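Welcome, and thanks for taking a look at this one with me.

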Amino acid sequence: MPTVSMTVNGKQVSGEVEGRTLLVEFLRENLRLTGTHVGCDTSQCGACVVHIDGNSAKSCSMLAIQANGTKVTTIEGLANGDELHPMQAAFKEHHGLQCGFCTPGMVMSAVDLVKKKPKASEHEIREWLEGNICRCTGYHNIVKAIQHAQQTM
Amino acid sequence: MLLTLTVNGARRSLDVDPARRLSRMLREDLGLTGTKVGCDAGDCGACTVRLDGRQVCACLVPAAQADGATIVTVEGLADPDGRLSALQRAFHRHGAAQCGICTPGMLMAADDLLAVNSAPDHQAVLDALGGVLCRCTGYLKIVDAVLDVASNAPDPAMPEAGAAVGARVNRLDGHGKLDGRELYGDDQTPAGVMWLRVLRSPHPLADFTLGDIDVWLKITPGVLRVLTASDVPGHNSFGIYPTLKDQPVFAESFVRYRGEAVAGILVEDRAAFEALDLDGFPIAWTPRDALVGTEAGLSPAAEQLHASSPGNVLIRGRVKSGDVEAALAEAAVVVETEIDTPFVEHAYIEPECGWAARDGDRVTVWVTTQTPYMDRDEVAHVLGIAPKDVRVIPSAVGGGFGGKLDQSVQLPLAVAAWVTGRPVATLYHRPESMASSTKRHPARMTASLGAAADGRIIGFKFHGDFDTGAYASWGPTVAGRVPVHAPGPYRVPNVLATSAAVYTNGPPAGAFRGFGVPQAAIAGEALMDRAAERLGLDPLAFRLANALRAGDTTATGQVLHASIGLAACLEALQPRWDDWKPQVAAFNATARATRRGIGIGCMWYGCGNTSMSNPSIFRLGLKPSGRLTLYNGATDIGQGSYTIMAQIAADALGAPLERIDQVWGDTDRTPDAGKTSASRQTFVSGKAAELASRDLRGQILRAVNAGDDATLSFENDCVRVHDKEGERVLALTNLPVDGEGDVLVGEGTFDPPTTPLDGDGQGIPYATYAFAAQIALVEVDTELGTTKVLKMVAAHDVGKAINPTLVEGQIHGGIAQGLGLALMEEYIPGRTENLHDYLIPTVGDMPEIECILIEDPEPLGPYGAKGIGEPALVPTAPAILGAIRHATGADIRRVPALPHRVLAAIHATRHIKEEVE
Ligand code: FES
Ligand code: FES
Ligand code: FES
Ligand code: FES
């Protein structure tokens with residue numbers, strides 16, 4: 001079985017995986033980082049979004065071996081100790097979540113957006129979130145949260 | 001990552017990206033191109049191999065997963081001495097491989113099954129093969145082959161001289177399709193060539209401006225050059241008809257459909273091709289409101305998509321005889337209908353691919369194609385060079401069905417090779433193939449039929465608007481063929497049948513098995529059923545009473561003289577039909593939610609181009625070695641022209657089939673045998689092959705001064721000629737040879753006699769027609785709306801079955817596609833651009849099929865033969881839809897009959913009943 005090693009949330013980790021092991025499986029099962037969710041396993045819902053070398057990616061749709069040697073950030077790695085990341089704080093303040101299942105993926109996608117396009121318009125925010133499905137909120141407060149985080153990030 | 005694995009018994013170690021697809025590793029790194037790739041998404045199963053014994057889709061297995069594993073591919077099935085395995089031989093004798101692109105996957109799936117179950121039952125075979133798609137065979141011969149492996153029956157013997165026509169000869173090109181050695185479009189790309197990716201429009205109608213390409217080239221690794229419209233050296237336009245070259249190779253400033261080619265991006269190698277990300281390509285789009293459907297295209301407010309076609313009408317077709325309005329007014333019974341059909345995708349399992357190279361002032365294109373000679377002329381037009389300076393060499397073709405009658409990779413490849421001077425290859429991935437290629441025309445049809453009280457049809461009126469999409473392609477062919485065929489294979493004294501091909505912003509609709517006739521038959525045959533019902537007649541009896549017969553005149557004024565086997569087809573079906581009726585009644589008397597029904601569809605189909613010259617030329621050469629070479633330009637796309645032409649040539653010469661070698665479809669070496677379309681190859685090219693063969697025979701006989709009745713025996717340096725005067729010997733080794741090394745060459749040309757149609761569609765559009773009738777037995781779940789076709793019986797008048805196994809294969813495959821048209825297939829741009837959202841029949845969808853071959857010889861055809869390719873599909877959907885109606889009363893006016901539509905139609909009948917009550 002191949003060995004993979006990567007930096008996850010700042011820590012060097014490694015493990016033996018099957019070739020077909022998905023990155024999300026490695027994160028959740030080997031590393032017990034269950035903040036990253038699986039809503040579909042087929043690249044539709046975005047619940048599994050993490051950052052690979054700073055870019056958002058659906059971790060259900062890549063293999064663990066493809067992340068070998070990269071820097072991975074999951075939702076658990078976003079806050080600074082007890083202090084929420086500005087995007088997390090914005091979601092909290094603007095009621096950008098209800099059940100919270102989509103939230104880790106939403107937050108990770110949103111952080112990537114604000115980094116890449118700090119001045120994204122509302123339309124661009126909504127377009128960016130097309131790969132993230134939320135069944136609770138109607139998206140409205142998610143967009144508001146992200147607009148707020150554009151000021152605070 | 002360093003991998004070690006066992007492949008086909010040999011230990012292999014290689015250093016690969018651990019996430020590389022196993023399919024690519026096998027094909028590209030290990031050279032095992034027997035494993036095919038049809039979708040790269042786990043949908044088609046063409047890539048099936050055995051991994052540690054179990055069948056897997058190699059396209060979904062990361063290389064790392066194969067570390068330490070044992071892999072068996074199709075190349076590992078045959079014995080080391082090359083003798084085919086029992087499984088492969090069963091496929092061969094059953095004719096289970098047509099184009100052969102699915103065959104490796106089928107074999108490996110079956111091999112997995114047989115390893116654990118040496119005597120599987122029918123259901124076990126269906127389960128094992130359920131993940132592998134075949135678009136050609138209709139699966140039945142594949143299933144039969146797997147069930148017959150254990151018998152280990154011997155291969156059929158090659159026929160003796162003079163006995164090839166009519167024999168169930170194994171495909172002469174079958175071996176390579178079974179052992180993985182056949183070279184399809186993506187199996188023969190040399191190393192070191194550039195690769196080309198086409199940038200396509202994501203919008204159905206949009207203006208665009210290109211940004212700074214030079215800057216993009218600098219910041220994008222691996223990209224060599226970008227080709228756009230201004231790089232096209234000759235004409236940036238192509239199209240089937242010389243006067244209708246309305247489609248650009250690369251769009252200029254705006255696009256007319258989603259999937260249209262905008263630019264060609266050249267990269268250094270295949271790895272760069274696969275890694276290429278076009279997201280940052282400098283192009284700005286301004287989408288406009290697209291015209292979706294013929295109603296939008298015809299609306300007075302619609303924008304005009306092509307300058308030469310006001311009102312977006314590309315062309316109209318019309319056939320008029322008698323006075324239809326008067327006939328309908330006096331008819332005892334008049335029935336009417338309106339039917340809508342969708343875009344349908346060819347879904348050949350092999351996507352478009354090929355490569356091209358320039359050599360001085362000539363260019364050569366290797367490509368998967370149905371029409372090498374048209375490709376040659378189109379490339380010449382686009383490059384602005386003479387056709388003689390273009391050579392097209394077809395690869396083995398992994399399915400076509402009309403879709404590979406159009407240009408795809410040929411033109412961008414030729415432009416790239418020409419302007420850079422370097423060889424270049426490309427391959428469309430599945431979504432690109434589906435978005436960019438042509439489709440079956442959606443049709444919106446209205447029709448009415450009037451019959452007299454005694455059951456004679458007296459009038460038929462039809463109009464169909466055919467959505468030809470963004471470009472003309474074969475639209476004029478469809479618009480011309482439909483009005484001729486719309487009245488069906490019946491005596492109808494008063495006809496008005498019209499058609500229009502309408503430009504829209506859909507994908508270009510082109511040639512697809514039947515050229516619009518399958519759509520028209522759905523409307524016409526529905527009316528036949530309803531008229532029969534109103535007259536209180538049995539649907540089969542009503543058709544038989546009105547069937548065309550010798551001496552009848554068609555709506556185009558053509559008097560039919562011979563080979564009109566519809567009545568014979570119907571008579572052959574009658575006993576089955578009579579058996580089914582009480583069975584269905586008994587079933588329906590007890591069943592609740594499921595109901596059964598039977599239906600019938602008839603068709604006729606003109607073989608060859610409509611009122612146009614479409615000659616084929618064949619040559620048969622004799623070598624000093626006493627072997628024969630057939631220069632066969634009739635492209636074999638799986639239907640079997642490689643085998644059929646040789647069978648005909650062998651008998652016409654009086655030589656044993658095994659004496660014939662072939663040079664196949666190379667525009668430099670084989671004369672023009674036209675296109676593999678319009679069910680013309682057996683009829684037209686077959687006749688040319690017969691004439692070439694007779695010409696050679698005549699030359700041999702004259703050389704030794706022998707009479708016509710002489711027999712020939714071919715030996716290794718001479719031909720011995722026997723007639724009543726004894727034996728004479730034609731020595732071959734001292735005769736001069738030509739450029740191909742032949743000492744004698746026979747040539748034959750055949751062009752079926754037709755005449756142009758006048759403004760009322762009067763004339764002789766085709767020299768002969770195929771006839772057929774099929775009956776279907778279906779079961780409909782009236783709660784779910786699902787339909788299962790249980791049985792079909794297909795009776796086809798083929799004139800003469802040159803090779804009955806291949807004819808049956810066409811019927812099975814045609815029925816599979818007809819079933820897809822009736823029940824499941826609907827192409828929606830942007831929505832069903834892959835093989836999991838676009839459904840085609842799997843092995844589990846197929847009914848039992850019985851084929852009945854009627855041989856009412858066509859005097860013009862080779863040994864009486866005519867075409868079967870398209871006729872096989874035409875009657876199927878009408879028979880199935882009629883059976884659904886018989887089962888439930890549901891009148892399906894929009895195909896496919898998806899479950900929700902069937903349910904809605906069933907509910908509509910209940911409403912009607914309630915209102916009546
Ligand atoms: S779990 Fe990855 S996109 Fe849904
Ligand atoms: S908050 Fe529940 S799915 Fe988004
Ligand atoms: S190529 Fe693997 S399933 Fe189609
Ligand atoms: S023979 Fe199966 S796809 Fe052609």
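1. A word on the model: it is predicted, so local features need pLDDT of at least 70, side-chain atom pairs count only at pLDDT 80 or more, and totals for chains, interfaces and linings use all residues. Residues are numbered from 1 along each chain as its sequence is written, while chains are lettered from A and ligands numbered from 1 in the order in which they are written.

2. Start with strand β3 (residues 49-52) of chain A, which runs antiparallel to strand β4 (residues 55-58) of chain A, with four bridges joining them. Strands (E, at least two residues) and helices (H or I, at least four) are DSSP runs, numbered from the N terminus; two strands pair if DSSP finds at least two bridges between them. A:His51 stands opposite A:Ser56. The two strands form a hairpin with two residues between them, and A:Asp53 in the turn has a positive phi of about 45°.

3. β3(A) also pairs with strand β5 (residues 71-73) of chain A, in the antiparallel sense over two bridges. There, A:Ile52 has A:Val72 as its bridge partner.

4. Chain B is divided into domain 1 (1-158), domain 2 (194-289 + 352-427), domain 3 (514-609 + 765-916) and domain 4 (616-750), with bounds from an automatic or database domain assignment. The C-alpha centres of domains 2 and 4 of chain B lie 38 Å apart.

5. Finally, the contact between the chains takes seven residues from chain A and eight residues from chain B, where contact means C-beta atoms, placed from the backbone, within 7 Å.

Technical notes. Two residues are in contact if their C-beta atoms, placed from the backbone, lie within 7 Å.
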